[in-house]
Amino acid sequence: MRVLGIEGTAWAASAAIFEYDPDDPAPLDANPPVIETDAYQPESGGIHPREAAEHMGEAIPAVIESVLDATDGPVDAVAFSRGPGLGPCLRIVGTAARALAGTLDVPLVGVNHMVAHLEIGRYGAGFDSPVCLNASGANAHLLGYHDGRYRVLGETMDTGVGNAIDKFTRHVGWSHPGGPKVEDAAKEGEYVDLPYVVKGMDFSFSGLMSAAKDAYDAGTPVEDVCFALQETIFAMLTEVSERALSLTGADELVLGGGVGQNARLREMLATMCADRGAQFYAPDPRYLRDNAGMIAVLGAKMLAAGETLAIDESAVDPNFRPDEVAVTWRAGEAS
Ligand code: ATP
């Protein structure tokens, strides 16, 4: 089956085609989705929802056309990011997906964006039942599978991890996105004390980000603040990931989300997993940040499990939580 995936929850207007044989699924390396992405770049500040939606309106038709031109054969279903994400962007993507599914007369599949971040890692690793750390722009949580759903084992009590980092970089006047700039600056930095806030399985970034801004305003070199931000935030995420592995008894960890592109975060998680005899997998960066490949991959699995949506039940949901999704596709997976 060939599935067209469409992603547009925030900044990435993206389309992908994925060829999937449920009886004999090929590894991603041998059978990668064809992906085309057009990124929204704010002129100043962070992501403006109205501007991002305008970008989706212009870029989504072009990226769809581009992946259709680059591939051959009929499309068997249209899968789209149904949420979570920015409402104005999701509505554009939902409208495009419904119109295309109607025109092509194929089923529509509504994909939870955060479950897609997890599933692309599970697919790439060939893992059976991993814990997943989703470290993305607007989210930060640990997911683990239990009794037909991905349960939220721990999560941020305030902002997403990437958004927290981007708030600091906006404060120092750097352009969006801030994560890669913090990673670069941290290479020249030394540790300074910042608040470390983990409460059981949950964690918080807001006090930490205020302290980072205050330290910068008080004259601490920006490289040192960036280094300390990375060490503190990623140690918090690593601690909670380890606790999630310990609580569930799982011995596989996958990473999802754009902050997962950071080499220091991957190093800390890999070290923690090696120390406890667990396996760690971080997908290639093009599958970590927002991309339609992950929507097409999970969309194909959902289609194979019969998880299609009637048009009149396909409303988008900006607050769509991963634990609302009944995970029906794992039962029929070829092992
Ligand atoms: P979500 O998936 O929750 O909807 P999102 O749409 O913002 O989040 P992602 O593509 O998952 O998008 O992540 C984008 C975030 O990743 C931005 O906040 C960006 O600063 C951050 N990021 C990108 N590269 C790096 C890096 N090398 N180090 C740290 N953070 C990074």
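How many residues of domain 1 are in contact with how many residues of domain 2?

Modeller: 15 residues of domain 1 are in contact with 21 residues of domain 2, where contact means that two C-beta atoms, placed from the backbone, lie within 7 Å. The model is predicted, so local features need pLDDT of at least 70 and side-chain atom pairs count only at pLDDT 80 or more, while totals for chains, interfaces and linings use all residues. Residue numbers start from 1 along each chain as its sequence is written.

Domain 1 is made of two segments, 2-118 and 289-324, and domain 2 covers 127-286; such bounds come from an automatic or database domain assignment. The C-alpha centres of the two domains are 26 Å apart. On the side of domain 1 that touches domain 2, the largest share, four residues, is given by helix H3 (residues 113-125). Helices here are DSSP runs of H or I with at least four residues and strands are E runs of at least two, numbered from the N terminus. By class, that side of domain 1 has eight nonpolar, four polar and three charged residues. The nonpolar class is Ala, Val, Leu, Ile, Met, Phe, Trp, Tyr, Cys and Pro, the charged class is Asp, Glu, Lys and Arg, and the others, Gly among them, count as polar.

The ligand belongs to this picture. Domain 1 and domain 2 both give residues to the shell around the ligand, so the ligand lies between them. The shell has 26 residues, and the closest are Ser 136, Gly 137, Gly 162, Gly 179 and Gly 258; a residue is counted if its C-beta atom, placed from the backbone, lies within 6 Å of the molecule. Two elements give two or more residues to it, helix H4 (161-171) and helix H5 (179-186). H4 gives the most, with four residues. The shell is made up of 15 polar, seven nonpolar and four charged residues.

Strand S4 (residues 77-83) runs parallel to S5 and is joined to it by five bridges; two strands pair if DSSP finds at least two bridges between them. Among the bridge partners, Ser 81 has Val 111 in S5, and Gly 83 has Asn 112. S4 has seven of its seven residues buried, so it too is largely enclosed by the rest of the structure. Strand S1 (residues 2-7) is joined to S4 by four bridges, also running parallel, with Ile 6 opposite Phe 80.

Technical notes: A residue is buried if 20 or more other C-beta atoms lie within 10 Å of its own, exposed if 12 or fewer, and partly exposed in between; C-beta atoms are placed from the backbone.
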